[in-house]
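Visitor: I have a structure to go through. Could we look at it together?
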Amino acid sequence: MWTLHGSAVFEVRKRGNLEMAVNRVPVLKRCRALGLEPAYLGYDKKSNRSNARTGKKVSEYGLQLREKQKAKFIYGVLEKPFRNYYKKADKAKGMTGENLMISLERRLDNVIFRLGFARTRREARQVVGHKHVLVNGKCVNIPSYSVSVGDVVEIREKSRSLQRYKDIVEVTGGRLVPEWLDADLEGLKGTVKALPTREVIDVPVNEMLIVELYSK
């Protein structure tokens, strides 16, 4: 089944009780449209093609919408789940925008990417969805699963010997792991040392514009 979200086309696939969205728009094209470096998605690529919209005046609403689209694209979240993230962030104590970004950062697929167990965010979602990940010794195949302090996240033993992970480690070995995570790349195991703060989340999203958008 195909569905349209903003300017992005998704194929929604059902696997058991899960719905997985596969973005069919080329990554570089989407990055150009959002003014986003592909590196934030894990891609070591750059495009020489310029964005045709560069230099054009963007409305206040357009700026707000672009920030929401960037956050959704980076973390691989569709509109309805993203709105639910926002509602929970708005009800929680503290700043709504910061709460939103922290909730997105705590997603299991993001943690797999941050630990270096996947080359790209898209691959991280696949790794989780294919039941290669254990959290505290139990298999978790839900990319949106929210990790907590003290959680041990690892690639299951049967999967560690796969050539796929040897190739992954070769690419991600020099990647900087956020200070709120402790990674054992050789053992494909990591620990959540603390909850992330907005200051250590290195994504180029102005969450205040997202708050303004939803506050209208």
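Visitor: Which residues does Arg 198 touch, not counting residues up to four places away in sequence?
Guide: Arg 198 touches Glu 98, Met 101, Ile 102, Val 203, Val 205 and Glu 207, where contact means heavy atoms within 4.5 Å. This is a predicted model, in which local features need pLDDT of at least 70, side-chain atom pairs count only at pLDDT 80 or more, and totals for chains, interfaces and linings use all residues. Residues are numbered from 1 along each chain as its sequence is written, and side-chain values use heavy atoms, with hydrogens and water left out.

Visitor: Is Arg 198 buried or exposed?
Guide: Arg 198 counts as buried because its relative accessibility is 13%; buried means under 20% relative accessible area (1.4 Å probe, protein chains only).

Visitor: And where does Arg 198 sit?
Guide: Arg 198 lies in the loop between strand 8 (189–192) and helix 9 (207–214). Helices (H or I, at least four residues) and strands (E, at least two) are DSSP runs, numbered from the N terminus.

Visitor: Changing topic, at what angle do helix 1 and helix 2 pack?
Guide: Helix 1 (residues 27–34) and helix 2 (residues 60–75) pack at about 150°, with their axes 10 Å apart.

How values were computed:
Axes are lines fitted to C-alpha atoms, for helices over the stretch in contact, and angles run from 0 to 180 degrees between N-to-C directions. Buried means under 20% relative accessible area, exposed over 50%, partly exposed in between (1.4 Å probe, protein chains only).
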